[in-house]
Amino acid sequence: MPNAYISGTGFYVPPRVVTNDDLIAMGVDTTSEWIVQRTGIEARRYADEGVGTSDLAVPAARDALERAGLTARDLDLIVFATLSPDMAFPGSGVLLQQKLGLCEGPEPKFVGALDVRNQCSGFLYGLHVATGLVKSGSARHVLVVGAETHSAAIDISTRGRTVSSLFGDGAGAVVVSATDEDRGVRGTWLGADGRYAEMLCQKVWDIRKRPFIPVDANGVGQVEASHMYAQMDGRTVFKHAVEKMCMALMQACWATSTDPKEVDLFFFHQANMRINQYVAKQLSLPDDKVVHNIQRYGNTTAATIPILLAEAEREGRLKRGMRVAMVAFGSGFTWGSAMVDW
Ligand code: ACO
């Protein structure tokens, strides 16, 4: 049975920087101090109108493929994790497949495209699927993408400030490849607790209703703000995030007989600096082993961990031979962890 390792990482964030002060200029009654104190976020990136989630994923995917020494035609599957797909259906995976040029030329490659709907845990759910397929011999190279365009679908106003001040746009990607070397993904662990599905959700429509979106007298769909934008019970999310991230990280350590001290770098989902500081404190992890970029990008949901990995590799911080742990928690509630020998 081959091992599955991460052969390439890539990321892309749109160029437009939106600082906390820019949010104030956009009409949000807040202060930079409030946001920084509670979340650690100083700025985030917003995509321009006309740019979709699959568009952000294209340069991230190309970056990861190039660093893996592969082309899109080497892929056996695309796994696309997002909560902000370009459209309700089809998923963004097929859009990315087409934009990578796989349907063109004399020998098109109609590689499968799977969309993952697990929000902030989406990348680790995708890594779990990719690793399983590579280890089983069903695939040699799987592209796992996490990408989000939150800026179009958050309530950038005082009414929506609790949620909108947290989120930003971006994309990260990895290629998971087969190897006979003794390295790679040692394990992935997933969890979910559907009792909390409505603690962080964006309803937009209710498929049980006829029609599924209320319409006005002219038959035009009308969505109330409480359904149009994500709603969150921030304190419940915070409490469960700390608990489940600690648990998932310990599970990864126990299952691989790893003392947390042996882990070289920790890649936590970037929801909130305070959540991550709590988790690190609970597990007595040294600050210099926990990688952050939430200050610059905010919470990019499924994209946070692959962006972190790609940046850490570019900075020379993440090196071959290191043991790294990843952990995420998010809407669902869902969570996941991974232990990887880089
Ligand atoms: N600026 C100023 N005031 C604000 C802002 C803002 N951006 N957002 C909320 N407030 C106000 C609220 O309106 C409220 O005012 P009120 O008391 O007059 O009603 C007050 O601050 C307190 O609101 P809370 O929501 O109780 O604030 P809290 O201290 O819990 O902080 C926060 C909110 C930062 C969202 C916190 O709950 C949190 O970090 N939760 C974790 C959730 C999270 O990280 N979610 C990310 C997505 S899920 C994931 O990725 C894991």
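Q: Which residue just after α4 takes a positive phi?
A: This is a predicted model, in which local features need pLDDT of at least 70, side-chain atom pairs count only at pLDDT 80 or more, and totals for chains, interfaces and linings use all residues. Residues are numbered from 1 along each chain as its sequence is written, and side-chain values use heavy atoms, with hydrogens and water left out. Helices (H or I, at least four residues) and strands (E, at least two) are DSSP runs, numbered from the N terminus. A positive phi of about 85 degrees is found just after α4, at Gly101.

Q: What are the buried residues of helix α4?
A: Buried means under 20% relative accessible area, exposed over 50%, and partly exposed in between (1.4 Å probe, protein chains only). The cover over the buried residues of α4 includes α3 (53-68), β4 (77-81), β5 (112-116) and β6 (141-148). In α4 (residues 92-99), the buried ones are Ser92, Gly93, Leu95, Leu96 and Gln97.

Q: How many disulfides does the structure hold?
A: A disulfide is a pair of cysteine sulfur atoms within 2.5 Å. Cys253 is buried, at 3% relative accessibility; its nearest cysteine sulfur, that of Cys246, is 11 Å away. The number of disulfides in the structure is zero.

Conventions. Contact means heavy atoms within 4.5 Å.
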